[in-house]
Structure formats: structure tokens, C-alpha cells
Amino acid sequence: MDREAAARAIEAFLSALGRDPAHEPELAGTGERVARAWADDLLAGYAVDTDVLLAENVLAGTSALVVVRDLPVATTCPHHLMPSTGEATVAFAPRDRLVGVGAAARLVDAFARRLALQEQIGEHVVGALERHLHPRWAACRIVLSHACMTARGERTHGARVETVATRGDASDVAVIHAALGVGR
């Protein structure tokens, strides 16, 4: 990422909106701060090789069910470049391979810290789990509040969007939904 170009673009954006970073003290350095925030945090997921992340954390073993709840999610909507925040739940029914719960949390974070639609994050998570663990099934529930719905447009404060992605043998939908907490 070209941070200097990004910083100049932010200053040009502010100028185009009628603000003058050179003459408004509160805007001094905003271009650099915004560029740094995007490079180091908001888009940090692009630097994570999720295949390596999972490959390095696969464990031999089995369990009837693995559920990791209340994983914090912060992502940026590609349509308005506004944040969405909330929580994710990852669940899977292993065969003979597990992954550390910390790796599951890092996997969600890696896919969220990109320009991503909420639906895509869950699909990417379950796809990666399926490729590396070959579970009976894998699922990811994400519940987010979208700034593009609360700070503009509809201004639907308190509204949350829930998505559920599943892969594998989903013949027992009730078990998957219970594991994910769907309907809570």
C-alpha cells in the first residue's frame, strides 16, 4: 500500500467536501492518520495467509462439537467504506482434525479485516475450515450492526444483520442452529 498516496487522497477528499486540512487545526495530519489506520488495522486481513494460519494450527483429535462464541468482529463495508461491528460464532463437527480456538478467532478476524460483505466473511470462514479440517459440517453465524444503516440512509439504530453460512453435512439443521445460537 502506498501510504503517502493514500494520505494525499484523504486530504484531497476532505478538500473536495469543502474542508481545508491546511487551515483547520483539527484536520492537521488526518490524511496520515487515516492512511495508517487503513493499512495497519482496517485492511490488515489482506496480509494474513489464512491457509497458512490454519495449516499451522491443525491438531489431531476429535470432538462431538466445537463451538467458539462471542468473537468480536469489525469489518468495513465495501459499498460505503463504513464500519460494521458485532460478533461471530464458529461451530464445526470434526472428524479427526481440530483447530485451536485461538486460530478460529484469528481466522474470523483475518477475513473481517478486509473490504468484505458480511455474507462473504462467513462463507470464507466455513470454506477454509472445510478445506483444512474436513469436518462433518462447519458453520459461521455473524451478527453485525452496520454504520451504513445507523449513521446514514435509514438510520435504523439498534438494527442488526444476521447471516449464517454452512458447509458439509447439514442434515441436522436443528443441531447447527442450536450450536450457533440462531434465534436468540
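I began with the largest pocket: its lining has 12 nonpolar residues, no polar ones and no charged ones. The model I am reading is predicted.

I put the volume of this largest pocket at about 400 Å³. I listed its lining as Met1, Ala6, Ala9, Ile10, Phe13, Leu14, Val34, Ala35, Ala37, Trp38, Leu42 and Leu81. I noted that α1 and α2 each give at least two residues to that lining.

I then turned to helix α2, residues 30-42. I compared its length with its span: for 13 residues, the end C-alpha atoms are only 16 Å apart, where a straight helix at 1.5 Å a residue would reach 18 Å.

Which residues of α2 are buried? I found Thr30, Gly31, Ala35 and Trp38. Looking down the axis of α2, I saw these buried residues fall within an arc of 135 degrees, so they line one face of the helix. I traced their packing to α1 (3-16) and β2 (66-76).

Which element gives the largest share? I have β3 down for it, with four residues. By class, I sorted the lining of the second largest pocket into six charged, three nonpolar and two polar residues.

Technical notes: Residues numbered from 1 in each chain as written. Predicted model: local features only at pLDDT ≥ 70, side-chain atom pairs only at ≥ 80, totals over all residues. Heavy atoms only, no water. Expected span 1.5 Å × (residues − 1). Buried < 20%, exposed > 50% of the residue type's maximum accessible area, 1.4 Å probe, protein only. Arc of directions from axis to C-beta. Contact = heavy atoms within 4.5 Å. 1 Å grid on protein atoms, 1.4 Å probe; cavity = no way out; pocket = protein on both sides within 12 Å on 5 of 7 lines; lining within 4 Å. Points joined across faces, edges and corners; volume = space filled by probe spheres on them. Nonpolar A, V, L, I, M, F, W, Y, C, P; charged D, E, K, R; others polar.
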